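Hi everyone, and thanks for coming. Let me walk you through a structure that may be new to you.

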Amino acid sequence: MGEATEAWGRVAEDGTVYVRTADGERQVGSWAAGSPDEALAYYQRKFDGLKVEVDLIANRLKQTGPSAPSPKDALEKIGKLRESISGANAVGDLDGLLARLDGLVELAEQRRAEHRAAREQQQAGARAAKQELAEEAERLAVSTEWRVAGDRMKVLLDEWKAAPRLDRKTDDELWHRLSQARSAFAKRRKQHFAELDAQRVEIRSHKEQLIAEAEALQDSTDWNPTAGRFRDLMSEWKTAGRAQRDVEDDLWKRFKAAQDTFFAARNAILDERNGAERENLAAKEVLVVEAEALLPITDHRAARVALRSLNERWEAIGPVPRDSRQRIEGRLHTVDRAIADAEASELSRKDPEKRARAEATVEQLRTALDKLRVQADKARAAGQEKKAADAEASIAARQEWLAEAEKALAEFTR
C-alpha cells in the first residue's frame, strides 16, 4: 500500500491512519482494503459527522423562546461531544472543533444566565401576583357582599393555580394566607346564612300570625275600625322582612286574599251607601232652594215656622256625601242666621232701656246744637270770625251725629 497525506492527517505505507493535532500526530486507525485516499476519505467522513453534531448544537443555541434548548442539556451534550472529539478516530480539524465547542460553552453559559434572569424575573412577577392574590383574598375575607366576594374568591383560586410555582417556602406561605382568607370568608358566609335562615323562620311565624288575624277579620262588618286594623297589618307585613323564598309567595297570597275579601265587601256596601247619599243630596238641594226663597227676611216669625218645617224634612232625608256636607249645610245655615238676625233686631227695638238711651242721646245733641248756634251768633256780632267759624264746624259735626241718633231712635217706633 502506498502513502497518502492531506492537511489534517495521513495514511502510512503500512496502512496506519494518523490525524494531526496541536499535540502532534495521533493514530486513529488502520486501512487495508483500498487505496490510501479512500482511507482518508473514510476518516474524513467521520470528522464530518462530528462537525454536523457541533453545527447542530450551535444552531440550537442560537434559538430563543420556548423552542430553545435547555442550557443545561446543551452543556451536557457539549461535554459528551468533547470527549468524542478528543479521542475521535477521525481525520480533520479536531482542534478547531474543540475550539468551537469552547465558544459554544460560553454561549450556553450565557443562555443559562439569561434563563436564570428570565426565571428570576418570572418568579418575581409570580411572587408579586400571588402576594396580590393573597392580599385581595384577605380583604374579601371581611366583606359582606356575599355573592360578589364569593365569585371573586373562586377567580382568585383559579388565578393562583394558573400562576407559576415559587420556591416551596414562599409558595407555601402565600398559599396559607390565601387559604386562611378563603376559609374565614366561607365560615362567615355560612354563619350569616344560618342566621338569615333563623330570621326567616321567625319572619314566617310572624307573618302567619298576621295572616291568622287577617283571616279572622275578613268577614267583619265593623267597616272603619277593621279597615284601620288592616292598614296596620299591612304596615307590619311590609316591615317584617321576607320569609324563605319557597313560602313567601304563598304567605302573601293568603294575606292578600283575606284583605281583598274584607275590602270587596266593604266597597260593595260603600257603593250602595254612596248611591243613597247622592240621592239624599239631590233632595236636600231642593229643600235649601226652598229655604233660600225666604230671603230677605220680612216676617221673622213666619220665616222661623217655615224653616222649622224644612229642618224636619231635612233630618228625615238622611246623610249626604261627605265632600258635599259642608257646602249644603252652610247654605241652610245662612238662612237660619238671617232669621236669627231679624229676631235679634226685633227684640232690640222692644228693649225700653235701649230706647231711653237713644232718646237721651237725641235730646243731648239738640241742646248742644242750640248752645253752639247762640255762641256762633255772639261771635259773629262781636266780629270774632275765627271763633264763629269754629262754632259752625262743631255745629256741622253734631248735626251729623244727631241725624244718626234720630235714625236709631226711629227703629224703636216702627
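**Rings, cores and a pocket**

Let's begin with a group of aromatic residues: Trp223, Phe230, Phe262 and Phe263 are linked by ring pairs into a cluster. Please keep in mind that this is a predicted model.

How many aromatic pairs does the structure hold? There are 12. Take Phe230 and Phe262 as one of them: their ring centres are 5.1 Å apart and the planes meet at 25 degrees, so this pair counts as stacked. The cut-off for stacking is under 30 degrees. Now look at where these two rings come from. Phe230 belongs to helix H6, residues 223-240, and Phe262 to helix H7, residues 245-292, so the pair ties together parts that are 32 residues apart in sequence. Are they buried or exposed? Both Phe230 and Phe262 are buried.

One more ring before we move on. Over the face of Trp160 you'll find Lys130, at 4.3 Å from the ring centre.

In soluble globular proteins, nonpolar side chains tend to be buried together. Here the largest nonpolar core has 29 residues, and Val17, Leu50, Leu61, Ile85, Leu101 and Leu104 have the most contacts inside it. Which elements build this core? Strand E3 (16-21), helix H1 (36-62), helix H2 (71-86) and helix H3 (94-140) each supply at least two residues. The largest share, nine residues, comes from H1.

Leaving aside residues up to four places away in sequence, Leu50 touches Leu81, Ser84, Ile85, Ala88, Ala90, Leu94 and Leu97. There is also a second, separate core of 18 residues, and that one includes Ile211, Leu217, Ala227 and our friend Phe230.

The largest pocket has a volume of about 220 Å³. Which residues line the largest pocket? They are Trp223, Asn224, Arg266, Leu270, Arg273, Asn274, Glu277, Pro321, Arg322 and Arg325.

Finally, a detail of the backbone. Leu295 and Pro296 are joined by a cis peptide bond, with omega at about -10 degrees. Where does Pro296 lie? Look in the loop between H7 and helix H8 (300-317).

Conventions. Residues numbered from 1 in each chain as written. Predicted model: local features only at pLDDT ≥ 70, side-chain atom pairs only at ≥ 80, totals over all residues. Heavy atoms only, no water. Phe/Tyr/Trp six-rings, centres within 6.5 Å; stacked < 30°, edge-to-face > 60°. Helix = DSSP H or I, 4+ residues; strand = E, 2+ residues; numbered from the N terminus. Buried < 20%, exposed > 50% of the residue type's maximum accessible area, 1.4 Å probe, protein only. Lys NZ or Arg CZ within 6 Å of the ring centre and 35° of its normal. Core = buried A, V, L, I, M, F, W, Y, C linked by side-chain atoms within 4.5 Å. Contact = heavy atoms within 4.5 Å. 1 Å grid on protein atoms, 1.4 Å probe; cavity = no way out; pocket = protein on both sides within 12 Å on 5 of 7 lines; lining within 4 Å. Points joined across faces, edges and corners; volume = space filled by probe spheres on them.
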